[in-house]
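Please look over the sequence and the structure below before reading on. The paragraphs that follow go through them step by step.

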Amino acid sequence: MDDLYKEIILEHYQNPIHRGKLTDGVEAGEVNMSCGDKLKISVIIKNGIIADAKFEGGGCAISMAAVDMLLDFVIGKKLSELKKMSGAEIEKMMGVTLTPSRKKCAYLGLEVLKKIGI
């Protein structure tokens, strides 16, 4: 993995922008049993657009950095744009190619968003 991408992942893990809870949002959660990651995401949707999103939980650096980067990406986007989003796009966003076990960690945030209806 390129050092720049390692730094970006570490920065999102140590200083997540979107950590927190939205009191008036729709939320869902998921647990990655293979790694122990626990994640809950809350979103505010206005006129078919994600107006804001926050996450709570804990886990490995890959899962926490991936969800922070994912929420950064989805805020301001139309739900219709996000319905087709795949895990491969998360890897591209992170700038890494992940092993099958790490893919489950990185895709956890997307799984939770899909539970919400995205």
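Contact here means that heavy atoms lie within 4.5 Å. The structure is a predicted model, in which local features need pLDDT of at least 70 and side-chain atom pairs count only at pLDDT 80 or more, whereas totals for chains, interfaces and linings use all residues. Residues are numbered from 1 along each chain as its sequence is written, and side-chain values use heavy atoms, with hydrogens and water left out.

With neighbours within four places in sequence set aside, Ile41 is in contact with Val26, Glu27, Ala28, Lys54, Phe55, Val67, Leu71, Gly109, Val112, Leu113 and Ile116. Ile41 is also named, with Met94 and Leu113, among the residues with the most contacts inside the largest nonpolar core, which has 34 residues. Such a core is a set of buried Ala, Val, Leu, Ile, Met, Phe, Trp, Tyr and Cys residues joined through side-chain atoms within 4.5 Å, where buried means under 20% relative accessible area, exposed means over 50%, and partly exposed lies in between (1.4 Å probe, protein chains only). At least two residues of this core come from each of several elements, including strand S2 (37-46), strand S3 (49-58) and helix H5 (100-106); helices (H or I, at least four residues) and strands (E, at least two) are DSSP runs numbered from the N terminus.

Which element supplies the largest share of this core? That share, nine residues, comes from H2, a helix in which 11 of the 14 residues are buried. Following H2 is Gly76, which has a positive phi near 95 degrees.

The axes of H2 (residues 61-74) and H4 (residues 87-94) come within 10 Å and cross at roughly 95 degrees; axes are lines fitted to C-alpha atoms, for helices over the stretch in contact, and angles run from 0 to 180 degrees between N-to-C directions. The two helices, H2 and H4, are therefore roughly perpendicular to each other, a term that covers angles of 65 to 115 degrees. On the H2 side the contact is made by Ile62, Ala65, Ala66, Met69, Leu70 and Phe73, and on the H4 side by Ile90, Met93 and Met94.

Turning to H6, the buried residues are Leu108, Gly109, Leu110, Val112, Leu113 and Ile116, and what covers them includes strand S1 (26-32), S2, H2, H4 and H5. Just after H6, Gly117 takes a positive phi of about 120 degrees.

Finally, Lys6 is found in helix H1 (residues 3-14), and Lys6 is partly exposed, with a relative accessible area of 43%. The C-alpha atoms of Lys6 and Val96 are separated by 8.9 Å, although these residues are 90 residues apart along the chain.

Technical notes
Angles under 35 degrees count as roughly parallel, over 145 as roughly antiparallel, 65 to 115 as roughly perpendicular and the rest as oblique.
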